[in-house]
Amino acid sequence: MPGSRAKLPELRRWWRFALVAPLLLFLLASFVAPVLMMLSRAVIDRDLERVWPDSAVALRQWDGEGLPPEALARTVAREIRTARQEGTLNQVANRLNYDMVGSRSLLYATADRLHAGAPANGIADLARIDPRWERPEIWAAMRHADGPLTSHYLLAALDRRLDADDRIVNVPAEQAVFTNIYLRTFKISAIVALLCIALGYPVAYLLASLPERKANPLLILILLPFWTSALVRTAAWAVFLQTNGVVNNALQAVGLIDAPLQLIYNRLGVYIAMTHVLLPFFILPLYGVMKGIPPTAMRAASSLGAPPVRAFLSVYLPQTLPGVAAGAIIVFTLALGYYVTPALVGGGADQMISASIAFYTNQSLNWGMAAALSLLLLLPLLLMIFAGRTMVRTVPA
Amino acid sequence: MTVAFPLVEFRGVEKRYVGGGPAAVADLDLAIERGEFLTLLGPSGSGKTTTLMMLAGFETPSAGEILLGGASLADRPPYRRNMGVVFQNYALFPHMSVVENVAFPLRVRGIRGSEAAKKVANVLSLVKLEGLGDRRPDALSGGQRQRVALARALVFEPDLVLMDEPLGALDRQLREHLQAEIKRIQRALGLTIVYVTHDQGEALTMSDRIAVFAGGRIQQIGRPDAIYEKPQNAFVAAFVGENNMLTGTVVTRHDDQCAIRLPGGQIVRAMATGAMMPGDSVIAAIRPEHVETGITPPACCNAIEARVEELAYHGDHSRIRAALDGGGTLVIRMPSARGFAAGQRLPIGWCTDRCFAFPAEDGAAAWRKAVA
């Protein structure tokens with residue numbers, strides 16, 4: 001009997017694990033694994049290796065000084081021709097084009113001439129087809145793509161690249177876009193989080209101080225945005241805020257303004273719509289925290305001699321900070337990934353990093369770039385969550 | 001010669017809440033003297049907490065006024081009343097250490113530095129919490145939290161300390177220990193304490209005076225022994241301590257005494273209260289420890305017979321539940337029930353001045369309220 005009783009806790013633990021195992025497996029297979037596979041594309045680089053196996057081996061053996069040995073040039077020339085015949089040259093051409101603009105046309109032009117019978121015994125022969133084969137850039141681009149790992153995408157996501165001598169340099173100013181978009185993304189998210197704090201704190205306070213009977217209908221009103229699709233909500237904002245929309249017409253009717261204000265398709269529209277969508281995510285956790293503060297806390301402060309403002313600032317507010325931090329972090333992190341709303345109510349200069357990720361995923365099909373941009377968005381996000389946890393822990397509820 | 005104002009005075013105070021219903025507190029006239037320990041005792045909903053909250057300033061009287069030292073409190077918000085309040089759930093500030101909690105009333109009064117530190121240290125040693133000053137409230141036991149709440153309410157030397165069921169959340173042993181502690185501190189500092197509780201034992205041991213509340217009104221106010229031994233109505237008799245409530249009919253009345261016929265035809269004598277006349281239905285209240293019995297008939301008046309139904313051993317005393325002929329049961333408390341057996345006939349009796357007759361109508365209503 002004692003033996004079977006000792007086994008019981010262990011059995012119970014397995015039973016508990018069995019209860020969550022199906023969901024865990026589902027998440028692992030449908031979410032965690034695909035995300036990791038996708039993100040790994042930011043550093044894994046096998047396009048060239050797949051099409052040009054011999055060149056990849058030779059490129060890795062080359063020390064990268066100046067121009068490559070003749071043998072390497074002959075291998076590359078041979079594999080250009082075979083890849084052209086097998087129709088796989090496209091993959092290498094695209095990859096090299098990310099590193100050096102013009103690589104694509106160079107490869108195809110070279111492939112055509114080699115096909116037509118041009119000799120390919122070394123760099124000199126290739127340079128007769130196109131003088132760029134005598135310059136180190138194209139060889140550096142190939143070396144950067146020799147796999148299996150690359151820093152190209154992550155550097156590009158930070159507006160940096162490796163030059164022919166493997167130094168990290170800034171990309172040309174007209175190509176440097178991502179740093180700006182990242183900064184814009186963080187700025188918009190931070191402002192939306194601040195707006196949510198300013199608008200949501202008083203509402204959460206009101207809700208928490210009302211009796212449940214009156215608070216519940218108000219809570220439903222606050223939850224209402226949750227039950228409307230993002231598209232419908234955003235379209236509604238468009239109707240409201242456009243030049244001849246409800247808001248502008250009303251302001252003009254009462255004579256507050258003469259000409260319509262530009263309320264949408266600019267940054268203001270993005271702030272308005274995103275704050276509206278994200279406000280419940282701020283109010284709800286804060287409401288939960290405020291509900292946990294006994295009403296006697298403020299009474300105690302008052303009886304001990306603190307006037308209302310003092311009591312609020314030194315007793316109530318500090319106890320709500322964990323809720324404020326939790327809500328603000330949720331809003332900020334959700335805002336970082338926003339895509340549809342800025343796309344619909346913002347202008348061209350209001351697009352956030354998700355729009356770039358979507359572009360590389362859906363349109364240019366450069367998944368390495370999409371993965372690198374996502375990874376750089378994910379890291380500060382994890383940092384935020386970690387910072388939030390420590391912040392919440394230092395202010396016990 | 002100085003005019004002897006009571007410290008606090010309630011004059012015709014009434015409290016009604018919006019939305020109708022009976023008054024939470026009605027016709028309240030009450031004077032609290034300096035240095036006294038006054039307990040407001042009653043079941044939940046009796047108006048005792050509302051009274052305390054009006055005094056603290058968290059509720060506003062609908063009518064009447066409350067005076068502190070002769071001056072009306074009507075326009076004084078809670079933070080200018082200088083009363084220390086101890087709440088049932090302690091209401092400690094969870095984000096502050098013990099020392100910060102206790103120093104809070106000093107800080108809002110602009111007292112800082114070494115003077116504040118000294119006061120905090122003194123009051124912490126008074127409540128025996130030295131060495132725990134750096135802890136957060138969630139690292140303290142229930143009894144320790146209660147001591148912090150008490151220290152915080154005392155450190156600014158308030159005119160008055162209000163306590164709202166401060167020991168309600170603690171187990172019995174700790175409660176009794178803290179009752180003694182609070183009394184010790186009250187005597188040492190000469191504090192005026194208004195103490196709300198529904199625990200009649202707590203009220204009897206701690207108070208200088210007890211005000212028994214029911215239905216928003218004070219049923220009786222007086223010293224604990226007067227409340228216990230001379231209840232003025234059936235509610236007080238039933239709520240404070242244990243009482244046998246026997247129904248009967250008045251046969252005769254002479255001054256402050258009356259004769260009552262019990263359902264079985266026995267005639268007993270009791271102290272009359274109110275304007276009861278022969279023929280009125282009454283309830284006679286007699287405490288278990290005042291019922292006398294023995295193998296031989298007891299040497300006092302009101303000697304009747306009963307049959308032993310049940311014996312219960314309680315360690316320091318025993319109880320007999322006995323049935324009266326013709327209906328009604330009676331609990332008898334005695335040092336030892338040795339020698340008695342269930343089913344035996346038992347001569348019982350009590351002294352007339354230990355038994356009180358109350359009008360049955362009031363009594364029934366009050367009884368329902370007390371047990372509800």
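These legends walk through close-up views of aromatic rings and their neighbours in a predicted model.

**View 1. An edge-to-face pair in chain A, A:Y98 with A:Y153.** Across all chains the structure holds 15 aromatic pairs, and here is one to start with. The ring centres of A:Y98 and A:Y153 sit 6.2 Å apart, and their planes meet at 65 degrees, so this pair counts as edge-to-face, the class for angles over 60. The two tyrosines bring together distant parts of the chain: A:Y98 belongs to helix α5 (residues 89-99) and A:Y153 to helix α9 (residues 152-157), 55 residues apart.

**View 2. A tilted pair in chain B, B:F37 with B:Y195.** Here the rings lie 5.4 Å centre to centre, with 35 degrees between the planes.

**View 3. An aromatic cluster in chain A.** Zoom in on A:Y201, A:Y205, A:F312 and A:Y316, which together make up one cluster.

**View 4. Arginines over ring faces in chain B.** B:R152 is placed over the face of B:F93, 4.5 Å from the ring centre. In a second example, B:R287 lies over the face of B:Y228, at 3.7 Å from the centre of that ring.

Key:
Residues numbered from 1 in each chain as written. Chains lettered and ligands numbered in written order. Predicted model: local features only at pLDDT ≥ 70, side-chain atom pairs only at ≥ 80, totals over all residues. Heavy atoms only, no water. Phe/Tyr/Trp six-rings, centres within 6.5 Å; stacked < 30°, edge-to-face > 60°. Helix = DSSP H or I, 4+ residues; strand = E, 2+ residues; numbered from the N terminus. Lys NZ or Arg CZ within 6 Å of the ring centre and 35° of its normal.
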